[in-house]
Amino acid sequence: MIGKRIGKRLVSMLVIIGGVLLLLVGSSSVALSKKVITFWYIEPEPFATMIEDSIKRFEEANPDVDIKGVQYPHQQYKTKIRVVLAAGNPPDIWFLWGDEGVRPYIEAGMVHDITDLVHEMDAMETGVPIYDYFLPTAWDLVTQKGRIWGMPGCMITFCVFTYNKSLFNRYGVTIPETYSELKSLIVKLQQAGLEHPVALANKAKWAGLYWLAMISLRLGGIDLWEKVRSRDASFTNPVFVKTFEENQELVRMGAFSEGFQGLDWDAGQDRALMYTEKAALALYDNDLPDYMVTEAGTEFFEKVDVFPFPRIVGGKGDPNTGYGTPGAHFFHVSKTCPYLKEAVEFIPYLSDRIAIEERLRYGRVLPVKGIEDLLVKYPRAANIYDLFFGFGRVLANLDVIFFLPEMGDEIMDVSQDVLGLEITPEEAVKRLDEAITAAYGPLRK
Amino acid sequence: MTSIKRAKLITGILFMTPSLVIYSLYMIIPVPYALYLSFFRWNGISPKILVEISNWGRILVDSVFRKSLLNSIYIGVACIFLQVPLGLFIALLLVAKHLKGKKVFQTVYVIPLLLSAVAVGILWKFYLDPTFGVVNNFLLTVGLPNLRRPWLGDTSTALFAVIVVEVWQFAPLYMLIFGAALSEVPQHLYEAAVIDGASSLECFWHITIPLIRGVYITATTIALVGSIKMFDLVWVMTEGGPSRATELMATYMYKQTFHRLEFGYGATIGVALFGIAFGLGILWLRLMKHSVLSGQKV
Amino acid sequence: MREYVVRKYVWTCSLIVIAIVWLVFTGYPLIFLAQGSLKERFFESGIWELPKHFAFSNYAKIFASGLLYRYFINSIMIVFISVFLIVLLSSMASYIFTRIQFPGKRLLFILFVSGLMIPIHSTLIPVYIFTNKIGIYDTIWALIGPYVAWNLPLTIFILTAFMQDLPKELDDAAAIDGCSPIGIYWRIVLPLCKPAIVALTMLNFIFCWNEFLYALILVSSPESRTVPLGIYTYQGQFWGNISLVMTVVMVGVLPMLVVYAFLKKQVIRGMTFTGLKG
């Protein structure tokens, strides 16, 4: 026994020595002459590999720069980025979702103004300035006060229904044109044995938000949301009350997955219901089918397609409004980064020709100009491209883009409470009004 | 100063300093820092805004905080009155004379303790899945389909589910603690009592209970204090939801800080949490009339 | 006599039944985990069925995907160093608490023990800032400080109680023989604490190995990650592939199970000392 303890101490000593040696060895292998840029992202496989490939291509063209890319899971990224930003020591390149979500950081002067650089510098070897490489709408969410603060680099996303074609055929239902047709569709599926035909995983609260956003958009249009934000309108507007009523009606109908408030989207607990054909449709972003390939195989993937949220008869909103973003992740360069030019030169590589094509294969469209020739090869991606740019206007995501973080968080809380039938629609809009007054000021007369 | 005294002084300083230094850097400093932050409004980015005691005023009327405090206390109470006694019960089970295969049972019983909270949370998240999880399918198979619930999705069952998982992971700890305590009880006391005609129950009540009292108190104190600051397990399983059914002080603090970007208010909750845990710990010990440092009854 | 035998039989049976019930309650989730990790796709077969084919490829995928070995090495180094320091520093501090009188001793003790009550998130930002300032961010050294500091309270608490009960006569005898306080510590007290030390080493090993939050905040590059962090990252990469997530959890749990299998006795002793004294 004594021997064991001494042995343990000995081992510990050796380990300490070994650790020190390792450190020394490790640090000397880093070429000190290279410029190192740290870069954080959250995209999982297979996109993580694509990003690493983009990094490699950039480093080949710029051998004096070393990009250290680190992938984080979604939830961990959100925590960590806030801690490092609060401590004033963020990575050189990081992302948020643009617009209001990133405004506090821009106003605090934590990111570089890259307006001039994107107009002057060319994107890779294309001979086209970075600004013109991307579609004009792609810059909207990172333009504030006329200056550009970030760059797109992920994908176009917008809200659509993902549905199982073969199930629809089997039960004789077709794509609904109106919201009431949607409800009848749900009832019909229920009668055919699918107790909870709509897959929903609302543990993280943002999933249920799609139902709030789409119904309110059809009833009141994007103008109403913008007016609420600019404090020219209030949440007590009947549109919002009706939206919450409709949400609760769907819940009472049993449209959503069993126990949806506790299902985890990240773990795919609701997607599993679609794979086992207990659910026939789900309202999420257009990239939902992408996950299905890796999770359920191409056989299932073939059965799946998308359709847009139907119009609501009598609604004031333009039925051709979308809910999403032209770039999803927008990358910013920290003020603490010593290599601004190199960083700005790197980011477009995430959307270079090779990266674009690889993503198109998975149905992800990058907001880059002039990719029609590539789109022809990938009909699914082309469909997404057409759908998005066929929208009249697009409302940005309510939880992380359209509003400041604290407001976005409250909307999610309220939405979850509404869907849990914990509060009435009237109470819900009252809470929202209080929150938005706290975040954006009082209602304008 | 005598040389002995000097030697003691030097030893004292030498031995105490390293612990004190590391402890101060990582543990002591953050608490006053949190207190300091609690007087500000800060989103982690812009300069801090001094708001004096308004955070503290806010926490007093915050209904969500009250709910989280209540939930934390529920869990604390469940730990004291469920986890610890259950541990004791299993320990007693394992020392029962007529039980075979004790070693096997004990080995398996201990395994949940070795898992990290994150692993346990992930495991049980799937275990409790309303459609694919074992619990509901089991109820279906044995003919009790009406008992099935969306355990983590229903506000009326979520906290209960979390408590069950917590018990699953930590009851074995108390089982081991009491197991060791029980083995220290001198056998001859039981033998003497049996000779005097005492029944098993009387033996238990008058010999076992008094002799493991100290251990029981320590165990419940640790359980209470630990459960008040619980975070990992709940976060992975429910994130404090749905609709704050499982909101604990620690999860509420996390959300206020990192989701609402209210670092100042989050710090306030943190200080309150610390204060409450501390206060409850001392209160509980006082209640049990037990002195920590001297290890005897006061 | 008959009646006694029957009663004993009934009693034994009930004991076994209860023990089995708890066994199932404790153990079935683990079986579920193992079962799930071996499925190709989580929902391909019913809950009670075995996987269609045992998908060891899941495990192959995890072990093949890169830096798992590095994570293990990092974790081992960090945990070994941390645990060594915790035990050493705690024993030194406990020795002072139990052998030497000084004013404010009680207060200092309470100061240490109250560390048990600090919520970890309150410390995140200050620790992050500090770690950065002294330039060890994103190295394994960053984690050693917090791990040691966090486990000092409980370890000191327990060791103090244990040392308290050691007979002081040996100390006095050694002192008369001219032994310095340090000598007493090293030659008398410490060896007597062996069981507690072995036990606490195990306990701290488990705490440090499974720690996640500090690892997340203080480390970022893959080369410096620990095993729990690595697992969480894998989980983040494989998202909805439930079987793969379960495989990842299994892989993360395996080291602890292996250590437990080898050192069963010590582990159990480690757990019991948490409450025995005091």
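This passage looks at how two domains of chain C meet, how chains B and C touch, and where one phenylalanine sits. The model is predicted, so to speak of local features a pLDDT of at least 70 is needed, side-chain atom pairs count only at pLDDT 80 or more, and totals for chains, interfaces and linings use all residues. Residues are numbered from 1 along each chain as its sequence is written, while chains are lettered from A and ligands numbered from 1 in the order in which they are written.

Chain C divides into domain 1 (2–60) and domain 2 (67–272), with bounds from an automatic or database domain assignment. Where they meet, domain 1 of chain C brings 11 residues and domain 2 of chain C brings 7 residues; contact here means C-beta atoms, placed from the backbone, within 7 Å. On the domain 1 side, H1(C) gives the most, with 4 residues; helices are DSSP runs of H or I, at least four residues, numbered from the N terminus.

Turning to the chains, 72 residues of chain B are in contact with 75 residues of chain C. Helix H1 (residues 3–28) of chain B supplies the largest share of the chain B side, 13 residues.

Phe32(C) lies in helix H1 of chain C. Phe32(C) counts as partly exposed because 18 other C-beta atoms lie within 10 Å, between the limits for buried (20 or more) and exposed (12 or fewer). Leaving aside residues up to four places away in sequence, Phe32(C) touches Tyr127(B) and Val134(B).
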